[in-house]
Amino acid sequence: MTVLEKSKPLVSVLINNYNYGRFLNDAIDSALNQTYSNIEVIVVDDGSTDNSREVIASYGDKIVSIFQENRGQGSTFNSGWKASNGDILCFLDSDDTFYPEKVEECVNLILSKQANSPLIIVSHNMDVVDQSGNSLGYMKTSRYKKYGGYSNFYQFACRYKFVPFATSPTSGNVLTRELAERIFPIPEVRTSADDFVVRLGVVLGNLYYLEKNLGQYRVHGKNHWHNNVPKAHPKEIWLLQEEFLNMKLKENNMKPVVSFFESIEAGTYYKINGSSFDYLKQGLYVFFSCPDLRTLQFFQKVVQVTLKNLIKKVFGIKRPSL
């Protein structure tokens with residue numbers, strides 16, 4: 001009998017926070033006020049300099065509080081995971097919130113699927129709100145369907161040499177402990193630690209998509225990237241992801257197949273950091289190394305963008321955009 005065959009598995013909600021004291025009450029309250037009762041809420045504060053410590057302290061023993069020096073989001077994920085006891089882990093950014101039924105819905109789905117494999121990641125939609133919590137009239141959806149509905153992305157990675165970010169943002173993702181133990185600890189990067197969790201989660205485990213809106217993703221300042229703005233990671237972050245994924249694949253007796261700069265994924269890097277020639281060269285390489293509909297569509301996009309920027313350059317239009 002696995003831990004998930006118990007009637008009420010313990011769920012750990014891991015809240016990572018840095019200087020979001022103004023949103024923190026909403027996040028913590030949403031985790032505590034779930035229709036599912038067997039929950040522990042762990043809040044990791046990454047050396048905040050605002051009122052976050054006071055907000056966290058006000059909850060007393062209702063939550064598990066961890067205060068650490070500022071080391072970045074990757075470190076908060078590791079600290080939360082290390083302190084957790086749950087059979088299921090929910091991640092919550094401190095500027096987002098859960099709807100009351102979120103945990104119950106995800107637990108029910110996991111319990112219905114865990115007989116196939118205990119290595120499970122669940123992703124769901126999130127409503128988008130502004131900094132005051134007002135609806136902006138659209139939602140963040142999982143990217144699951146964009147990649148053809150794969151449940152496990154290892155064969156995808158073997159073919160295309162990268163693992164996509166195939167889920168919703170951080171707060172829309174849930175892992176079983178069995179899968180989390182194969183992922184953590186992750187590199188202690190400053191931002192985008194969810195890249196390491198999601199990309200490894202969907203290649204080692206099975207991804208299930210709940211087509212329900214189970215939380216709110218708050219848009220404010222410069223945090224609005226998901227599905228809108230390409231993530232302009234520096235080269236060393238892409239290489240760190242590649243090294244980490246391949247290391248974990250080998251640990252799980254799988255062939256290390258990830259090579260970001262030989263994949264479609266490198267298009268994002270060259271769109272931000274490279275020239276039109278770099279981008280075109282990448283498109284050609286990807287298509288001829290793996291000719292199929294997906295790489296053809298990528299190559300067509302590259303050609304269109306390259307021609308557009310060439311026309312802008314010829315006519316003296318400034319700031320050609322990739």
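**Figure 1. Strand 6 pairs with strand 7 in this predicted model.** The two strands run antiparallel, and 3 bridges join them. Strand 7 covers residues 135-140. In this strand, K140 is the bridge partner of M126. Together, strand 6 and strand 7 make a hairpin, with 5 residues between them. Look for G133 in the turn: its phi is positive, at about 90 degrees.

**Figure 2. Strand 6 also pairs with strand 8 and strand 9.** Strand 9 spans residues 206-218 and runs parallel to strand 6. This pair is joined by 9 bridges. Within it, N125 stands opposite N213. Strand 8 (residues 173-176) runs antiparallel to strand 6, with 3 bridges between the two. Here V122 faces V174 as its opposite residue. How many of the 10 residues of strand 6 (residues 120-129) are buried? The count is 9, so strand 6 is largely enclosed by the rest of the structure.

**Figure 3. Strand 2 pairs with strand 1 and strand 3.** Strand 1 (residues 11-17) and strand 2 run parallel, joined by 7 bridges. V11 stands opposite I39 of strand 2. From strand 1 the chain passes through helix 1 (residues 21-32) to strand 2, a right-handed β-α-β crossover. D45 stands opposite F67 of strand 3. The chain gets from strand 2 to strand 3 through helix 2 (residues 52-57), and this β-α-β crossover is right-handed. In strand 2 (residues 39-46), 7 of the 8 residues are buried, so the strand is largely enclosed by the rest of the structure.

**Figure 4. Helix 7 meets helix 8.** Two packed helices are described by the angle between their axes and the distance between the axes. For helix 7 (residues 194-204) and helix 8, the axes come within 11 Å and cross at roughly 35 degrees. The crossing is right-handed. Helix 7 brings D195, F196, R199, L200, V203 and L204 to the contact. On the helix 8 side, the residues include W238, F244 and L249. By class, the contact has 9 nonpolar, 1 polar and 3 charged residues.

**Figure 5. F261 sits in the loop between helix 8 (235-251) and helix 9 (266-273).** Is F261 buried or exposed? Its relative accessibility is 18%, and buried means under 20%, so F261 counts as buried. K161 lies 100 residues away along the chain, yet the C-alpha atoms of F261 and K161 are separated by 8.7 Å.

**Figure 6. Three loops hold K161, N19 and P185.** Most residues other than glycine have a negative phi, and most peptide bonds are trans. K161 is not a glycine, but its phi is positive, at about 70 degrees. This residue lies in the loop between helix 5 (154-160) and strand 8. At 24% relative accessibility, K161 counts as partly exposed. N19, in the loop between strand 1 and helix 1, is not a glycine either and has a positive phi of about 60 degrees. P185 belongs to the loop between helix 6 (177-183) and helix 7. The peptide bond from F184 to P185 is cis, and its omega is near 0 degrees.

Definitions and conventions. Residues numbered from 1 in each chain as written. Predicted model: local features only at pLDDT ≥ 70, side-chain atom pairs only at ≥ 80, totals over all residues. Heavy atoms only, no water. Helix = DSSP H or I, 4+ residues; strand = E, 2+ residues; numbered from the N terminus. Buried < 20%, exposed > 50% of the residue type's maximum accessible area, 1.4 Å probe, protein only. Pairing = 2+ DSSP bridges. Right-handed = clockwise from strand over helix to strand, strands pointing away. Axes fitted to C-alpha atoms, helices over the stretch in contact; angles between N-to-C directions. Left-handed = near helix turned anticlockwise from the far one by under 90°. Contact = heavy atoms within 4.5 Å. Nonpolar A, V, L, I, M, F, W, Y, C, P; charged D, E, K, R; others polar.
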